[in-house]
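Here's a quick briefing to read with the structure open beside you. Let's begin with one residue and then zoom out.

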Amino acid sequence: MALDPATVRRIATLARIRVEDAEVDKLQGELNVIFGWIEQLNEVDVTGVAPLTGASHMAMKMREDVVNDGGYPERILFNAPDRAGEFFAVPKVVE
Amino acid sequence: MTQVLTDLTIAEAQAGLRDKRFSAEELALAHLHAIETLNPRLNAYLSVGHAQAVEQARAADRALAEGDTRPLLGIPLAIKDLFCTLGVRTTAGSKMLMPFIPPYESTVTANLLRDGAVFLGKANMDEFAMGSSNMTSHFGPVENPWKRRRDESAVLVPGGSSGGSAAAVAARLAMGATGTDTGGSIRQPASFCGLVGVKPTYGRCSRWGVIAFASSLDHPGPFARTVRDTAILLNSMAGHDPKDSTSADVAVPDFEKACERSVKGLRIGVPREYRSDGMPGEIEALWQQGIAWLKAAGAEIVDVSLPHTKYGLGTYYIVAPAEASSNLARYDGVRFGRRENGEDLRDLYERTRAEGFGPEVRRRIMIGTYVLSAGYYDAFYLRAQKVRALILRDFDEAFQRVDALLTPTAPSAAFALGEKMDDPIKMYLNDVFTVPANLAGVPAASVPAGLDSNGLPLGLQVITRSFDEETMFAVSAALERAAGFSALPTLRAGA
């Protein structure tokens, strides 16, 4: 199974990464080599195997559902590329 | 003073500071001076916190004078630029985070500061820890302080992704360093730079405040020049952290003491699948040497099988990009980091991410996006998670029969800058022996064990059961004693 240029463009759109037309060829080649190599996993018999989502055998811990942090908007906004008062600012979304 | 301060081990420096043979300020200044001299060439540090380091060292001197016994008082360290440090620019080696100044301190670095450490600066790395050579850093490659015997002009890579950390410790620009290991990013550079590098058990060190690459595979850990020094550092870095839901609530044993344990009677497994066809004879020979050393120290050698080893890398290159594509979705130019303005919000996102990420990061995000996308999730991601379960099962079964596994760390010594860049898979193969321990979450260390015919260091890897770092340290220390590795890199402070 090989990726075509349309699929490469679709992946880029899903990933929200702008890809110039001139880059599509190169990306297509690289991704196809990588996916071709990854296909070796199809040799493995995984019948009846439960997927492992995380490392090791640990169970996730629960904590109390309480607010125990926050209340410092200046620290949160400190790195904002653009802000308006206590809000992050972006280009106009709704006309 | 006859002894060069930058040559001391952390354990020696602890004793020297306690006995007032030198001050923490002198120790910090010796390292800062070495950095000024060598860093313009090595590019191991992205930023140096001269004033902060001197201030921390003076505070350590005052504490020492009052009889304070915190373990890392006055010990100068390099911090991989993936660890968020309060008020100190943290870039992850990326253009995306050039403007980022964290408003908080990562748990691991906070633990080191709690114990009195002095931070010299932030270490260079592959962009978002994606790489095995440090060549993907937006801020340029790092030069390995080691040189080929007959080709001193060749610039070698330090390995990656924690390449700056490894080069800094090897060149005596720090006594130890933090790193992170997602597929080998501590152990492979440790092997390339003649250092000890430790990837502890998943959950042993908190990931809170460590910029995420692949959350189920990311492991913070230490670099140092001796096994005991890495044990000292890990003792400070480790511990339960409620802010990381995967942090393990288990007691942290005395790792330093474990280095003195005998390996007599331990069963050491030699996994036959790690004998790859293309493995250089020198690495095979060193592996056999390591087996002989442990046998001579009283360990029993057992042939074991980890049948899914060859699928480790393929599994990794689905799971890691999948998690990365999700983790790196946060870099959208809105809340922090770089922004490229666009015609509308969507255009802003796409331009920001195209401009802010380098080619390797973009490639991995796209791989991850694809394997998680509708129609491909089961074929790629779900299948990889199942193979991952089989890889963990391999380790579980092996550890029913043996106490530790011994393997080479990497399939080659350090290579030259620019090599292996044409073919991403060739670069990925660097991690063939290190990736399985990340997938299984088991602890693993790389110990410098010998030199190849070019005079470059080679490491051996010790892997143990989850939360049995003590056996890992005991076996690593036994290898270290037997190897008596004393070679020094060409480029180093005081040379």
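Pro408(B) is buried, because 27 other C-beta atoms lie within 10 Å (buried takes 20 or more other C-beta atoms within 10 Å of a residue's own, exposed 12 or fewer, partly exposed in between, with C-beta atoms placed from the backbone). Keep in mind that this is a predicted model, where local features need pLDDT of at least 70, side-chain atom pairs count only at pLDDT 80 or more, and totals for chains, interfaces and linings use all residues. Residues are numbered from 1 along each chain as its sequence is written, while chains are lettered from A and ligands numbered from 1 in the order in which they are written.

**Around Pro408(B)**
- You'll find Pro408(B) in strand E9 (residues 404-408) of chain B; helices (H or I, at least four residues) and strands (E, at least two) are DSSP runs, numbered from the N terminus.
- Setting aside residues up to four places away in sequence, Pro408(B) touches Tyr274(B), Ile283(B), Leu286(B), Trp287(B), Phe433(B), Leu460(B) and Gln461(B) (in contact means C-beta atoms, placed from the backbone, within 7 Å).
- Leu458(B) is 50 residues away from Pro408(B) in sequence, yet their C-alpha atoms are 8.2 Å apart in space.

**Chain B as a whole**
- Chain B has 16 helices and 11 strands.
- Its C-alpha atoms fill a box of roughly 65 × 55 × 50 Å along the principal axes.
- Of the 495 residues in chain B, 62% are buried.
- Take the contacts between residues at least 6 apart in sequence: 78% of those in chain B join residues at least 24 apart.

**The nonpolar core**
- The largest nonpolar core has 171 residues, and Leu77(B), Ala78(B) and Ala168(B) are among those with the most contacts inside it (such a core is a set of buried Ala, Val, Leu, Ile, Met, Phe, Trp, Tyr and Cys residues joined through C-beta atoms within 7 Å).
- H13(B) supplies the largest share of this core, 10 residues.
- Ala168(B) has contacts beyond four places in sequence, including Ala44(B), Tyr45(B) and Ala78(B).

**Where chain B meets chain A**
- 55 residues of chain B are in contact with 38 residues of chain A.
- H13(B) gives the most to chain B's side, with 10 residues.
- That side divides into 30 nonpolar, 14 polar and 11 charged residues (Ala, Val, Leu, Ile, Met, Phe, Trp, Tyr, Cys and Pro count as nonpolar, Asp, Glu, Lys and Arg as charged, and the others, Gly among them, as polar).

Terms used: Two residues are in contact if their C-beta atoms, placed from the backbone, lie within 7 Å.
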